Amino acid sequence: MTTTYSESSTDRVPGRAWTIRLTGHADRTATLTCSTAGCRMPARSRDLAALRAFAARHAAAHAKAATVRPHASCHCRAEHCETHGDLKVRCSGGVVLIVRHDPSVGQVWSVEEVCEACAPLVPHALVVARSVRPRPVAAGPAQPTGAQVPGPARPTVPGGFSSAGAPGEGVPDTGPRRRAPRTPHRRPGRER
């Protein structure tokens, strides 16, 4: 998943993070909370496996819905790079979105915007999206207000073929394909 962002290149915005936490209680039940106040979470339950599965799906949903912002500052740096401890690095590179979950602890899922330098150092993290920096606009005639800007080009496959998309885009739709009829296999020396 790659997305574009349209602010000017000089504006830095804080890196975002979403945290889903499983909290146990004395009566052997547990609850899920999300750092986003508007998220609906399941009721308190004794079924820890179902709550863990819900938390993983919820973190994945936040990651899928997020637009990676190329002008975000590294969230890891804002937390003083505590997630990768003794491994010191200077924040640099583009912005990526990571999902972090330590299966040995199993109680916290995080989705964070971090820099490319910190991402590989964060334990139990998976990069799920990268930002795309907007291309510089060449000086030319101004477009009228409300003019449509063309979307990104479809990726190409080596060999000059464009990737398959909806019918009418890239590869022509030729309809269903038929197989050639099979000829029966005959053993040598046996005739019918």
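Does glutamate 112 count as buried or exposed, and what is its relative accessibility? In this predicted model, glutamate 112 counts as buried, because its relative accessibility is 4%, and buried is the word for anything under 20%. The residue has its place in strand 5, where its side chain makes a polar contact, at 2.6 Å, with the side chain of arginine 100. Leaving aside residues up to four places away in sequence, glutamate 112 touches Arg16, Ala17, His75, Val96, Leu97, Ile98 and Arg100.

From strand 5 the reader can move to the strands that pair with one another. Strand 5 and strand 2 run antiparallel and pair over five bridges, and within this pairing arginine 21 has valine 108 of strand 5 as its bridge partner. Strand 2 also pairs with strand 3, again in the antiparallel sense and over five bridges, with cysteine 34 in strand 3 as the bridge partner of isoleucine 20. Strand 2 and strand 3 form a hairpin with five residues between the strands, and in this hairpin arginine 28 takes a positive phi near 65°.

Helix 1 comes next. It spans residues 48-65, and its 18 residues reach 26 Å from the first C-alpha to the last, close to the 26 Å expected at 1.5 Å a residue. Its buried residues are Leu51, Ala55, His58, Ala59, His62 and Ala63; seen down the helix axis, these residues fall within an arc of 135°, so they line one face of helix 1. An α-helix has 3.6 residues a turn, so residues three or four places apart point the same way. On the other side of helix 1, Ala49, Arg57, Lys64 and Ala65 are exposed. The cover over the buried residues of helix 1 includes strand 2 (17-24), strand 3 (30-34), strand 4 (95-101), strand 5 (108-115) and strand 6 (125-132).

Conventions. Residues are numbered from 1 along each chain as its sequence is written. This is a predicted model: local features need pLDDT of at least 70, side-chain atom pairs count only at pLDDT 80 or more; totals for chains, interfaces and linings use all residues. Side-chain values use heavy atoms; hydrogens and water are left out. Helices (H or I, at least four residues) and strands (E, at least two) are DSSP runs, numbered from the N terminus. The expected span of a helix is 1.5 Å times one less than its number of residues. Buried means under 20% relative accessible area, exposed over 50%, partly exposed in between (1.4 Å probe, protein chains only). The arc is that of the directions from the helix axis to the C-beta atoms. Contact means heavy atoms within 4.5 Å. A polar contact is a pair of N or O atoms within 3.5 Å; within protein, one must be able to donate a hydrogen and the other to accept it, and residues adjacent in sequence count only if both atoms are side-chain atoms. Two strands pair if DSSP finds at least two bridges between them.
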